[in-house]
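Please keep the viewer open as you read.

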Amino acid sequence: MKRRTLLSMAMVATMALATFTGCGGSREGAASDTATETTETAETTEATAEESFPGFDDGATIGVSLPWLGTQNWKEAEEMFTAQLEEAGYKPIVQAADQKVTQQQQQIESMIENGAKVIVVGPVDGSQLGAVLEQAKEAGVYVIGYDRLLENTSGVDGVVQFGSVKTGELQAQALLQGLEEKKGEPPYNIELFGGGPADPNAPNFFTGAMSVLQPKIDDGTLVVVSGQTDFTQCATVDWDNAKAQSRMDSLLAGNYSDKEIDGVLSPNDGIARAIITSCENAGQDIPVVSGLDAENESVEWVWSGRQYSTVAKPTQDLVAKTIEIIDSLKAGNGMPATDVEVDNGVKNVRVYELPPVVVTKDNAKEVFANDPSRLELLK
Ligand code: BGC
């Protein structure tokens, strides 16, 4: 039931994007496909039961290839994988690729050469690792996508991630709620930001958000003053906060000299803080801004009222799920069953999907009840 809802919402969102934006670049198309191809999987899981999944020994080498360390979630992943894989008796090689596709390809090649039994990959660019991941499969290595989908390759056994379309829906719902709470009667002036176009999550976040916002743009509740509503216009190359800040500076200079900006859709916390800083510098009252990651600094900003919302997607849960899968592979039990699959352009990939949770000042204490370091920030 839950999956069907996701499917139909994603389809509506995709149709809305296609209708209202004329569709952007190819990445948007790829992501929309991803969102719409989410299916229930009882049959396919059975169909792959014949695949053989040889186990491996204690102390096996496990590679973890991360895209960069530019946001808190990836730094946490680096630390947690290193510590927890070691604790579980593996030999981890954990590397980050500084947003460079070639560097990531080389790191994965060297993990294969070093005898890794499993390689966990958060791709810089979801569609640029096909050859090296197929090479890994030929060498008998298991490949698990981490936090981001691995597209257009048969070299992937499964993906662990938080629902990406759902994340965008939560961001947009929080934006609407914040506008009603803080900015009086509609209409509200807003602007839209997306994440890095090479990251398969970014168009999905945007698709999810637009499924909520587009009807409110159509009925006049929301006014995107710049007129920029296409993902390709709103995307932030490499998730670079400085690029987002200069886009916000230009939007304000070009469209808001005689207007107030009431809200901004932001795809993550770093970009949210850049947007808020830009508005403060321009002498605007702080708009309602969404976010993602529950980064420490943004948790403080949410608590003090400077950023309206964020979305928690705990790294600890994602890492724990990944290690659970690695343990299953080691024992020779193969990839665990899951009820979600996504067409990555070449094959249906098992997705182990965790639920993101929206955070505002109102529920922050509840959400972080079991996260002492974030709870500590709510003072
Ligand atoms: C992750 C976010 C992160 C962003 C930029 C996305 O794929 O899901 O948590 O903020 O990448 O690093």
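The chain has 15 helices and 13 strands, where helices (H or I, at least four residues) and strands (E, at least two) are DSSP runs numbered from the N terminus. This is a predicted model, in which local features need pLDDT of at least 70, side-chain atom pairs count only at pLDDT 80 or more, and totals for chains, interfaces and linings use all residues. Residues are numbered from 1 along each chain as its sequence is written, and side-chain values use heavy atoms, with hydrogens and water left out.

**Overall picture**

Of the 379 residues, 55% count as buried (under 20% relative accessible area; exposed is over 50%, partly exposed in between; 1.4 Å probe, protein chains only). Among contacts (heavy atoms within 4.5 Å) with a separation of 6 or more, 73% join residues 24 or more positions apart. The chain exposes about 15200 Å², and carbon and sulfur atoms supply 48% of that area (Shrake-Rupley method, 1.4 Å probe).

**The largest pocket**

What is the volume of the largest pocket? The value is about 410 Å³. Of the 21 residues that line this pocket, Pro314, Thr315, Gln316, Asp371 and Arg374 are the closest to its centre. Helices H4 (72–87), H13 (315–330) and H15 (372–375) are the elements that give two or more residues to the lining, and H4 supplies the largest share, four residues. A pocket here is an open set of points on a 1 Å grid over the protein atoms alone, where a 1.4 Å probe fits, with protein on both sides within 12 Å along at least five of seven lines; lining residues have an atom within 4 Å of a point. The volume is the space filled by probe spheres set on the points, which are joined across faces, edges and corners.

The lining splits by class as follows.

| Class | Lining residues |
|---|---|
| Nonpolar | eight residues |
| Polar | seven residues |

Where does the largest pocket lie? Domain 1 (61–156 + 314–354) and domain 2 (164–313 + 362–367) both give residues to its lining, so the pocket lies between them.

**Helix H6 and its cover**

Helix H6 spans residues 130–138, and its Gly130, Val132, Leu133 and Ala136 are buried. Their cover includes helix H5 (101–113), strand E3 (118–121) and strand E4 (142–146). Just after H6, Gly140 takes a positive phi of about 80 degrees.

**Glu300**

Glu300 sits in helix H12 (residues 296–304) and is partly exposed, with a relative accessible area of 38%. Glu300 and Lys379 are 79 residues apart in sequence, yet 8.5 Å apart in space, C-alpha to C-alpha.

Methods. Nonpolar A, V, L, I, M, F, W, Y, C, P; charged D, E, K, R; others polar. Domains from an automatic or database assignment.
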